[in-house]
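This briefing goes through selected local features of one protein model, grouped by topic. Please keep the sequence and the coordinates at hand while reading.

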Amino acid sequence: MGARSVRTGRRGRHPVSDLEARDAGVATAPRTVLVDGPWIVMGKDRRLTVFARDGQGLLRWTQRAAGGSEWAGPHTLPAPRLSHLSLAQGADGFVHFIGRRVSAEGHATGVVHAIQYQTGRPVTEWKPVGNPHKDAASARRIGVPAAAVSGSGRVHVFVANAGGGVSTRSEDAKGAWGPWRDLQGSDAYEGAVAVAAASGRIEYLAPGAGVAMRWQQEKPDGGLDRCLDLQISVSPGTASGLETAQDRFTYYWADAATGGLFAHRPGTWVISLGGGPAEGRVAALRAWLDGYDCTVLAHRTPDGEIMLAACGTEKEGGGVWWSRTVERSPGPPALACDAEGRVVLALVGEDGVLRIARQTSEPGLAMAPSVPV
């Protein structure tokens, strides 16, 4: 199923800048930084929320009504000094913020955590998760944290450690953090992916030198076991994971050498998706289109163009047809379904404005012009 072009308007109101200059190659000041991974989420009340951050803290835009086109925000919520921030959402709808805290000099000091329990409500106090290293020199070298939430609501945090392996720390049944554990591994890159299945079982994919390392739980809240490395070369920061069947994930990424897009389900062949090259994380969403279970993909090209595609879920091998949109962005897009089941595309325009495009009632993946928020 092909994706139709996204048509856009050009009005703008609230300025939202690009990713950090070192990530996007654009110098702006002051700037708003997109949250890593999915940065648009749905709460238990079926309203969508968009998150970003700036020098003042966490920025939040909230849908005024489920399925509606009006948004409130941005509202600024206090946050510590962070170099990176990612989100993880549990089945209970709670949104967990996991960040890498840095000193005034920009050195990593540890991982911090906060929670939004309800859509539009205050975020809890930021609390330390800690650092897998006790000595300052090693502590500064931890990577960007990623997190997933099990079916029981326990948070699992992963981070590349100073030795190039992966360390993890998890909550227990009472919400207390257990000890850091070394999962081993080597030469772990930035841009790892932590995902949770509907069953609550967690997987973690860490790109490395010419391979991707993978760990998984055999059962929810069980131990994490190392799987066979995937013989793929992932461009750092591009990988994403999507549950495409019960307890089965498909991973999407851009190739480190060519920027071309690929998909893989462990135990099957690697599938070329065309549509590349791509920069930044590939957005992946499962949605119903014309009564069919489909996967929607979006990414940003090196020159800033946003590309969109759809295919039958787990049918990437039959071909993926990419549509050029008229949207351009200095950062990667994000995807979600709204309360009506419509696909929603979120991006930051070249004018620095947060924009939202929504699926129309036309057949296929027809998107209305994006509007500024």
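This is a predicted model: local features need pLDDT of at least 70, side-chain atom pairs count only at pLDDT 80 or more; totals for chains, interfaces and linings use all residues.

Cys294 is buried, because its relative accessible area is 2%, under the 20% cut-off for that class.

**Cysteines**

- A search of the whole structure finds 0 disulfides, and Cys294 is accordingly in no disulfide, the nearest cysteine sulfur being that of Cys311 at 7.3 Å.

- Four strands make up an open sheet in the order 7-8-9-10, and their pairing is antiparallel.
- At the edges lie strand 7 (82-89) and strand 10 (127-130), each of which pairs on one side only.
- On average, neighbouring strands of this sheet are turned by 30° against each other, when direction is ignored.
- Within the sheet, strand 8 (residues 95-102) and strand 9 (residues 108-116) are paired in the antiparallel sense over 8 bridges, and Arg100 stands opposite Val111 of strand 9.

**The surroundings of Arg328**

- Neighbours within four places in sequence left aside, Arg328 is in contact with Asp303, Gly304, Glu305, Leu347, Val348, Gly349 and Glu350.
- With Asp303, a polar atom of the Arg328 side chain lies 2.3 Å from the backbone oxygen.
- Gly349 is 21 residues from Arg328 in sequence, while the C-alpha atoms of the two are 5.8 Å apart in space.

- Strand 29 (residues 354-358) is mostly covered, with 4 of its 5 residues buried.
- Strand 28 (residues 343-348) runs antiparallel to strand 29 and is joined to it by 5 bridges, with Leu345 having Ala357 as its bridge partner in strand 29.
- These two strands form a hairpin with 5 residues between them, and Gly352 in the turn has a positive phi of about 85°.
- Strand 29 is also joined by 2 bridges to strand 30 (residues 365-372), again in an antiparallel arrangement, and here Arg355 stands opposite Pro372 of strand 30.
- Strand 29 and strand 30 form a hairpin with 6 residues between them, where Gly364 in the turn has a positive phi of about 75°.

Technical notes. Residues are numbered from 1 along each chain as its sequence is written. Side-chain values use heavy atoms; hydrogens and water are left out. Two strands pair if DSSP finds at least two bridges between them. Axes are lines fitted to C-alpha atoms, for helices over the stretch in contact, and angles run from 0 to 180 degrees between N-to-C directions. A disulfide is a pair of cysteine sulfur atoms within 2.5 Å. Buried means under 20% relative accessible area, exposed over 50%, partly exposed in between (1.4 Å probe, protein chains only). Contact means heavy atoms within 4.5 Å. A polar contact is a pair of N or O atoms within 3.5 Å; within protein, one must be able to donate a hydrogen and the other to accept it, and residues adjacent in sequence count only if both atoms are side-chain atoms.
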